[in-house]
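Look over the sequence and the model before reading on.

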Amino acid sequence: MQIDSAVLYMIVKKLKEKLDSCQVRQVHQIDNRIMDLELFCQDGDIVSLIINTYNPPLLYLTGRAKNRKQYSPSQTFCMTLRKYLEGSRLSRIEQADMDRVVSLSFDRIEAGSEIVTRTLWVELLPASPNIVLTEGNTIIDACLRGKKLDRLLVPGETYSLPGRSARMDFMKFNKAEIKNILDFSKNEDIPLDSWLFSKFNGFSRYLADELAHESRVPADLSLSSMTEEEENRVVTALCALSSAIAKSDVLYIYKNEKGKKSASPVPLHMMKQEPEKADVLPFIEKEAESGAGSISQAVQDYKKQLHTLIKREERKKRKIGEEMEETSRMDQYKLWGTLLSIYAYEKINHRTSLTLSNLFKDPPEDETIPVNPLLSVSANSQMYFKKYNKMKTRTAIGKEKLDECDKRLTYLNDTLYFAEQVTTKQELEALKEELKNLGIDRKQGQRKKSGKSNKKSQAPQIENRMIDGFRVWFGTSNTKNEYLTLHKAAKTDVWLHAKAIPGSHVVIEASGDTIPEDTLVKAAALAAWNSKGRDSGKVDVDYTLIRYVKKIPGGPPGLVNYTHQKTLTVVPENVKENE
C-alpha cells in the first residue's frame, strides 16, 4: 500500500508520542535498502523502526524481535549509521512541509562533552525513495548515492530536500490566508484539483475528490470560472479538512473491487462505503509485515527481468527477420546458377559480370549476372547454387525460429500480465514456481538452468464462482490456465478467452446443458475483466467448446490453438457470484 502525505502525517504524529527521547541501541540491515533501528523507549519497550526504500517505500514501527537470520551482512551505509547513531537519543521527528519526507534528529554527546545533532532524512517518494544522513546541511552518507534529478547525494555535498517547489503545507494556514492564496490564483485557467496539487503538499487523489465532494464544487472546475460562493465553499471545506486531519486519531480503511486497501486520516464521504477504523501504527505494521511491501518489490523485480527477456526475444526476432530478408533473393540465385550452368562454355575473361539470355522467359530477355572473375563459369554456377541451398535452409530454419520467438513472446507477455495481478504470498509463490521454468532467480539476480524438481506436482487451486447456476472457472496464471483447459475441463464445456491479448482461460462447466446467451455474455465479461483489456471500453472475447482447444506442440504452458470459435464484444466486468 502506498503511503500518501496525509497518512504519513498520522504516522509521524504517533511516532512522536511513542518514541519521545528513545535511545538507539543497534542498527541492523535487513536488506541493502531496508534499515532496522533498534530503539529503547522511555516506557522500557524495545522496538524497531523499519525504513524500507523499496517501492512502495515504508516507515513503520514493530515490537517483534527479528531473527538474526533475517539480517543481511552490513554494508557501507549501515556501518555509517552504526558509527554515528548508536548510543544517541532521538530528539525530534518532523514531516517536511506535509511532504513524504521525514526528518529524524539524533543527539549524542561526543568528545569534549559536546552534544552533536545528526539528522536522518527518510524520503518516501515513490519515484526516488532514499535515506540520507546529515550533520548540519552536509551529507555524511546516503543509502542510494549518486545524482538524483537535480541533487547530488554523495558524502560532503550540501543536502537539499527532494523536488523543492512552491508547494506549501495547507495545514499551516488559516481561513483568511487560504482565501488570499485562492484569490491570488483566480486568474489561472486551471482546474481546482490541479491547483490543489500544484500549491499544496499532502493532497492525494482521494483527498482532492473529498474536498470537491464536501464543497460541492467539481474537481475539474476552472478557477477562473469559479463564483465567489463556490470559492468560499472551497476555503471552508479546506479548513474543515485540515482541522479534521489534525484531530484524527485513527485511519479509515477503504477497499476497491480487487480488495486493494487505501487509507485516509478522515472519513471519505464520496466513497459511499462504510470504512474500517484502524489504529495507525499497528495497521501500518500489519500491512508491512504481511508482506504487501515485499510482495510488491518481488513482483517489480520479476517484472523487470520479464521485460529484459521480452526485449531480448524481440531483438532476436528482429535479427532473424533481417537475416530472412536476404532469402528474398533465393529464387534469383537459383536462376543465376541455372543460367550459368547452361552457358558453362562461356569464358569469363576477367569480367565481373556476364550478360546472358534468360531462356526461361518468353520472349527471352538479357540477364546480367555478377560473377567472380577468378572463377570459371561452372564454379560461379556452383557458388550460386550453394547460396540458393543456404537460403533455402535459412528460410526453413528462420520460419521455425520466428515461430518459436512468437510463441515465447506470447508466453512472456502472458506471464507479465499475470505478474501484475499478484497481490498475495500464495500468488507470489505460484509465480515464482512458474518463473523457474524461465530460469529466473530473483535472489541471485540472474538466470539459472532449471533442473528437475523432486517435488510431486499438485493440482493447482483454480478460482471459480457460480453464475446463473453454472460453475465458471478461470485461471490466474499460465500453469493454471493449462491445467484448467487441458486437464480439468470436460470436452463439452465452453472455453472463453479475450481475443489476441493476455488473460485468463475461462471455462463454463456445462455438464451436458445448453449455456444460455445471457450466461455466455456474463462469462465473456468476466474473461475480459481478467485480461489485459480490463481498462478498455469493450473487448472481443472468443468462445468455443473445449474439444476444439488444443495445446501448441512444444509450446510453453497455457499456449493453445482453437477453432470453431465465435466472438462476443463485451464490457469488462468482475461478474459477482449468483445462483
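Domain bounds here come from an automatic or database domain assignment. The model itself is predicted.

| Domain | Residues |
|---|---|
| domain 1 | 5-158 |
| domain 2 | 168-274 |
| domain 3 | 292-441 |
| domain 4 | 463-570 |

Between domain 2 and domain 4, the C-alpha centres are 44 Å apart.

Now the cores. The largest nonpolar core holds 51 residues, and Leu-19 and Leu-120 touch the most other members. Helix α1 (residues 5-18) contributes the most, giving 6 residues. Domain 1 (5-158) and domain 2 (168-274) each supply at least three residues to this core. Another core, of 31 residues, lies apart from it; Phe-170, Leu-196, Ala-237 and Leu-268 are among its members.

Beyond four places in sequence, the contacts of Leu-120 include Leu-37, Ile-51, Phe-77, Val-102, Phe-106 and Ile-131. Ser-103 is also one of the residues in contact with Leu-120.

Is Ile-11 buried or exposed? Ile-11 sits in helix α1. Its relative accessibility is 1%, so Ile-11 counts as buried; the cut-off for buried is under 20%. Setting aside residues up to four places away in sequence, Ile-11 touches Ile-3, Leu-59, Val-280, Leu-281 and Ile-284. Ile-11 and Ile-284 are 273 residues apart along the chain, yet 8.3 Å separates their C-alpha atoms.

Methods:
Residues numbered from 1 in each chain as written. Predicted model: local features only at pLDDT ≥ 70, side-chain atom pairs only at ≥ 80, totals over all residues. Heavy atoms only, no water. Core = buried A, V, L, I, M, F, W, Y, C linked by side-chain atoms within 4.5 Å. Buried < 20%, exposed > 50% of the residue type's maximum accessible area, 1.4 Å probe, protein only. Helix = DSSP H or I, 4+ residues; strand = E, 2+ residues; numbered from the N terminus. Contact = heavy atoms within 4.5 Å.
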